[in-house]
Amino acid sequence: ARREADEWLWKVGLDGVGAHRPSELSGGQQQRAALARALATEPRVLLLDEPLTALDPETAGDIRALLHEQLLHSKTTAVIVTHDAVDAASLATRLVVIEGGRVTQDGPVRAVLTAPASRFAAAVAGVNRVVGRADRGAWRTSANGADVVLTTTDADSRAAAEADGAELAALLRPGDVRLELAPETSWTGALRLAREAEPTAGSWLARVVRLEQTPAGARVHTAEPPVAVDLAAADVAALDLAPGVVVRLSIDPTAVRFVGRAGAPAPAPDETMAPPASALERSATPAP
């Protein structure tokens, strides 16, 4: 038993600390010890609630690989609660999205992450999800009194299959959206110019709502419609971005995907608001 315990401590990067008391370990070390205890018994079913949150990125990557290998080896069915799409993509076969205490989407991991049915699921998948309507093979919505029109070159686009006026969601990666300052700095003046001009497909006016730091720079959140844009820190500084600044966003049709509502579960009650505090549950049943 001691040899097996030492082996598991070594697997989770805690070799040599078996004689320590829990109070002598850091939070991350305690979490790794808890994982070692759970995995050492090779249970038939295992519930893991945010198992990697207290770990630094490098350690989390190592433990994620260990979990993947051990679950395959032991044929353990694992239900893992997480907000991390990397966990879902690397460990799970089935993804269940829970928002406000109810299931809003359920299916194979790839299907859920490529066609998220709500803003929360889209945020987990790392994409913007903006709801509009189908309009003659394109996507259209109204924002600030002007139309926003998007087109796509995606051969599997749902726009062509949906009847005009049917609800349609546009998926945009934050890194694919381009941002520049609007010619008119006042919001009133910018709106007037936008309403007088013909809508240009793939381009629209917005205001900065907030900025969030990311490892590569910053994520700029804009409205309306709500779209996040990833920028390098130098670009944020050069543009002097701050809440309230008027910007113009644009995206190439090759970076746009459309998904319809057919067969999708009901979304969160109000997608115009920030998604509620939610959990992402994953049931991973490793293949033989």
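Guide: Of the chain's 288 residues, 44% count as buried. This is a predicted model, where local features need pLDDT of at least 70 and side-chain atom pairs count only at pLDDT 80 or more, while totals for chains, interfaces and linings use all residues. Residues are numbered from 1 along each chain as its sequence is written, and side-chain values use heavy atoms, with hydrogens and water left out.

Visitor: Why does Ser250 count as buried?

Guide: Buried means under 20% relative accessible area, exposed over 50%, partly exposed in between (1.4 Å probe, protein chains only). Ser250 has 17% relative accessibility, so it counts as buried.

Visitor: Which residues is Ser250 in contact with, leaving aside its neighbours within four places in sequence?

Guide: Contact means heavy atoms within 4.5 Å. On that basis Ser250 touches Asp176, Val177, Arg178, Gly202, Ser203 and Trp204. Ser250 itself sits in strand β13 (residues 246-250); strands (E, at least two residues) are DSSP runs, numbered from the N terminus.

Visitor: What makes β10 and β11 a pair of strands?

Guide: Two strands pair if DSSP finds at least two bridges between them. Seven bridges join β10 (residues 203-214) to β11 (residues 217-223), and the two run antiparallel. One of the bridges links Thr214 with Gly217 of β11.

Visitor: And the sheet they belong to, in what order do its strands come?

Guide: It's an open sheet of five strands, β9-β13-β10-β11-β12, with antiparallel pairing. β9 (178-181) and β12 (227-232) each have a single partner strand, so they stand at the edges, with one side of each left without a neighbour in the sheet.

Note on methods
Helices (H or I, at least four residues) and strands (E, at least two) are DSSP runs, numbered from the N terminus.
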